[in-house]
Amino acid sequence: MFDFISNELKGSVQEPIRMGWGRSITLVTYPQLDIPTGEKIAFNQENPYRGLYAFESEQAQYFCGRDEAVRTLISRLAESRFLAVIGYSGSGKSSLVKAGLLPQLKRDRLPGSSQWEIASFTPGEHPLGKLVDILTRQQQQNQPHLLFIDQFEEIFTLCQDDEERKTFIRLITQEVKKAEVETRIILTIRGDFLNRCADYREIISLINNIPPTSFIITPMSFAELEETIEKPAKLHGVTFESGLVSQISADVVNRPGVLPILQYALKELWRVCIEEPESPEPLLTRKGYEEIGGVKGALDKRATILYESLTTIDQAFARRLFMELVHLGEAGEVTRRRASWERLEVVADSSEQLQRVVGLLAGSQQRLIITDQNTVEVAHEALLSEWKLLNTWIAENLENIRLSRSLEEDCQEWVQRFNKSDEALLTGAKLAVISEWVNKTQPRLTPLESEFLHKSLERRDRQNQAELEQAKKLQREAEAKAKAESQRTRFAITSATLIVLSLGLGLLLQQQTVEKKQGDAIASGALVGKSELLLATGNQLEAMIASVQALKELHRLGVDNSKALNKLKVVINSVKEHNRLESHKDKVWGVSFSPDGKIASSSVNREIKIWDKNGKFLYDLLPRHSGGVWSVRFSHNGKFLASTSQDATFKLWNIDAKEHKLIKTFTGHTNTVYDVSFSRDDKIIASGDRDGIIKVWHTDIQENPPQPINTLNVKELLKKEGYDVNTTHRVNSLDIDPNNSSKIAYVDDDGSVRIWDWRKNTPPENIGTHGQEALYIVRYSLQRKNLLASADEDGNIYIWNTKNKQNKLIAIINKAHPSIIYGLDFSPDGKMLASGSTDETVKVWDVDKAINGESSLITTLKGHTQQVNRLEFSPDGNIIASSSNDGTVRFWKWQSSSRTDVTPEVENLLKYSCNFLEEYLQTNKSIPDWLNYQSDICSFKEK
């Protein structure tokens with residue numbers, strides 16, 4: 001019957017499905033119950049869990065909990081020759097295909113599938129060559145075959161050639177549509193890259209085909225998670241302590257991307273319970289689970305312990321190594337990438353160090369990275385999100401990573417596409433930026449990159465010299481002609497000489513290779529490019545200075561270049577940095593505005609500085625704390641300033657027009673005091689510390705030492721409620737409700753937002769949770785008094801409505817930043833929310849748009865070179881002040897200014913730009929002397 005139907009359907013798009021293969025056909029199945037048989041499985045101490053590695057076909061028996069998904073994939077593949085498996089990072093896409101689907105195909109789950117020739121690959125930087133080689137080989141074999149393309153998103157993250165990308169996609173489409181061959185293609189792709197696929201009609205048409213040719217992976221159910229956790233251990237004769245499987249399942253259920261982290265935690269649990277004890281019992285225990293830090297902490301804890309076990313020199317290399325293994329996308333997303341052994345040889349101090357450290361990181365006990373003969377890569381992108389130390393390194397090196405990748409890609413193109421042609425060398429503003437970066441940071445370049453940069457600089461210098469000689473020659477010729485002509489003729493020639501000389505000098509200043517007849521246009525274009533690049537890289541003051549340089553040169557040349565002027569107008573309008581306070585000599589942690597506009601800032605070196613509203617330094621507060629000053633906050637009436645410190649105290653200062661003095665030191669805490677908050681009437685002050693203690697005090701207290709009105713031990717409270725609390729459980733931030741001074745909102749390390757009524761002294765109310773992520777900042781809106789915002793270590797912002805007793809979550813800004821948010825503040829009218837993060841940026845959000853689920857980002861302010869700590873709006877809301885580990889406080893005029901809406905003419909733009917720089921110069925001496933004293937365009941008077 002099967003053969004007859006096959007012949008009848010030959011040449012059509014349909015094919016018969018063979019079932020039974022001569023044996024009985026199962027129409028109904030019932031799940032097999034786990035009924036004890038009395039047979040005891042032998043105790044096998046080998047670890048059955050995969051950690052960060054994907055499951056391969058060889059581990060199919062340990063791949064559990066995805067039976068329903070595998071059945072769906074088989075049915076989809078029966079109806080189509082193309083299948084896209086879609087899911088977020090960490091959803092188990094690769095494992096589902098490798099250990100779920102492919103082993104089933106080898107068992108003839110589809111007619112003849114056991115005979116299919118299967119080939120797998122990841123695209124990498126050059127996917128087209130890999131695809132052509134595999135298809136050529138398969139077609140020579142003349143039999144049905146299946147091609148599995150894992151991590152399809154690499155055609156966007158790693159492949160830089162769009163033509164190669166288009167050809168690759170076109171070849172896939174053609175292959176699955178060929179009637180003369182039976183090629184099936186399966187690919188896995190991260191869901192957040194589907195929008196990139198939309199730009200390529202052929203691949204998106206395949207994904208959107210009917211019948212369905214795609215499968216979106218859904219989170220595992222609780223029952224599926226329990227099977228995933230428990231069954232591999234059972235296969236090795238090991239059981240879990242009663243209730244532990246349910247506890248682990250509860251810790252991960254409904255958490256996107258958690259599967260590799262779960263596998264790593266289980267692998268670690270097996271290590272501490274089975275592998276490390278001398279005489280282990282076949283039991284995975286709750287004690288072991290707590291020891292590894294649970295699912296959330298296992299990967300971070302193990303990776304940090306491993307890093308800290310390295311010598312100082314090897315730690316430095318490990319940091320450089322991981323920076324080579326990450327890629328920054330166009331939208332700032334962080335993904336993994338492969339690095340060649342040759343490149344890592346340059347990064348390492350020696351070949352021996354490279355082999356030793358990589359061997360340790362890739363060893364069977366760690367498996368944080370994967371190696372093969374040619375490359376090294378991170379084992380899973382979960383490491384990039386879950387290892388806090390690595391998050392910090394990435395945030396601190398964003399600009400270095402971008403510039404390094406830019407140089408690497410340009411160098412590869414110079415070699416591979418242009419065969420080291422001089423025409424493909426770096427030029428203009430891009431060369432200037434790369435050269436400055438190399439001189440400043442001294443990165444370890446490959447020999448090819450060093451050659452590329454050296455030749456680029458040599459070519460620039462040769463052109464500069466040639467242009468200088470040409471300018472001198474033109475000047476000499478003009479002067480000689482002038483002497484031989486009449487007075488009238490000499491006057492005309494002298495004018496022409498001045499024009500020629502100006503053009504030649506303008507070309508020299510731009511360092512551009514140009515033909516003389518196009519000199520003015522290209523010179524102005526290079527200057528504009530420099531301004532645009534400086535703005536794009538966050539150097540706002542420098543971008544304004546470069547714009548003045550460009551305008552100055554256009555003014556001298558007398559060039560009417562409306563295109564260049566319009567571009568400069570965009571740059572000038574986009575500069576938001578209004579001032580930069582640089583008197584601190586270390587990391588600046590705290591910043592606060594008083595109602596009359598004064599600014600207080602505090603730093604790790606114990607300084608507290610007071611500035612006027614324009615940023616002019618007024619005085620230091622003395623006596624100093626004995627430890628770094630974590631936070632400063634003005635009272636609502638502006639008369640007091642509170643400062644918190646690592647010395648386990650906070651101080652209350654009198655900030656008055658006539659005097660400034662210490663009022664009292666509050667000594668009730670025993671560890672670092674992180675945050676402090678005043679009630680709206682300034683009669684109450686609350687403080688929170690590193691030990692999980694919140695204390696409430698009267699500001700006018702007369703006792704010495706002061707005694708708190710009430711105290712909350714957050715850690716002990718959580719223990720009573722059954723939470724597993726670490727030794728350190730910090731109250732990272734708190735804020736007193738402006739509607740009700742009895743209520744204090746606070747956040748700590750367990751991911752929840754709680755409100756404590758200290759007057760009623762009732763247990764704090766948990767109004768909601770971010771998940772298991774630690775929270776670092778919480779703030780009320782003073783104007784819209786029911787709004788409360790909180791932010792976590794994964795860069796998410798939650799907005800709550802605390803009206804009445806609803807305490808309702810009303811908005812989530814997912815991934816507002818890629819990592820920890822330390823600063824939050826509502827604008828005075830409550831319509832805007834500012835955030836600052838370890839990614840070195842300040843962002844401003846429209847609160848109502850966020851509540852309505854709309855795109856709410858208003859602007860991103862770039863300029864800090866290290867993480868942003870605290871920030872606040874000025875009393876009028878026009879300025880945001882932000883503090884940073886780069887040792888500065890920066891003022892941002894975050895709104896577009898009507899003053900810049902001027903006609904794009906050289907004089908108008910110069911007038912506005914020079915006024916801007918003059919304002920900046922009043923309190924800051926960072927503007928170069930040439931601009932202040934030597935420029936005949938910007939003439940500043942010292943203030």
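How many bridges join strand S31 to strand S32? Hold that for a moment. This is a predicted model.

The answer is five. S31 covers residues 787–792, S32 covers residues 797–801, and the two run antiparallel.

Four strands make up an open sheet. Their order is S30-S31-S32-S33, with antiparallel pairing. Which strands stand at the edges? They are S30, residues 775–780, and S33, residues 808–813. Each has a single partner strand, so one side of each lacks a neighbour in the sheet. From one strand to the next, the twist averages 20°.

On to the helices. Two packed helices are described by the angle between their axes and the distance between the axes. Our pair is H9, residues 222–235, and H10, residues 244–252. The angle is about 120°. The axes lie 9 Å apart. That angle makes H9 oblique to H10. As for handedness, H9 passes H10 in a right-handed crossing.

Who makes the contact? From H9, we have Phe222, Leu225, Glu226, Ile229 and Glu230. From H10, the list is Val245, Ser246, Ile248, Ser249, Ala250 and Val252. Sort the contact of H9 with H10 by class, and there are seven nonpolar residues, two polar and two charged.

To recap: an open sheet of four strands, and a helix pair, H9 and H10, with a right-handed crossing.

Notes. Residues are numbered from 1 along each chain as its sequence is written. This is a predicted model: local features need pLDDT of at least 70, side-chain atom pairs count only at pLDDT 80 or more; totals for chains, interfaces and linings use all residues. Side-chain values use heavy atoms; hydrogens and water are left out. Axes are lines fitted to C-alpha atoms, for helices over the stretch in contact, and angles run from 0 to 180 degrees between N-to-C directions. Angles under 35 degrees count as roughly parallel, over 145 as roughly antiparallel, 65 to 115 as roughly perpendicular and the rest as oblique. A crossing is left-handed if the near helix is turned anticlockwise from the far one by less than a right angle, and right-handed if clockwise. Contact means heavy atoms within 4.5 Å. Ala, Val, Leu, Ile, Met, Phe, Trp, Tyr, Cys and Pro count as nonpolar, Asp, Glu, Lys and Arg as charged, and the others, Gly among them, as polar. Two strands pair if DSSP finds at least two bridges between them.
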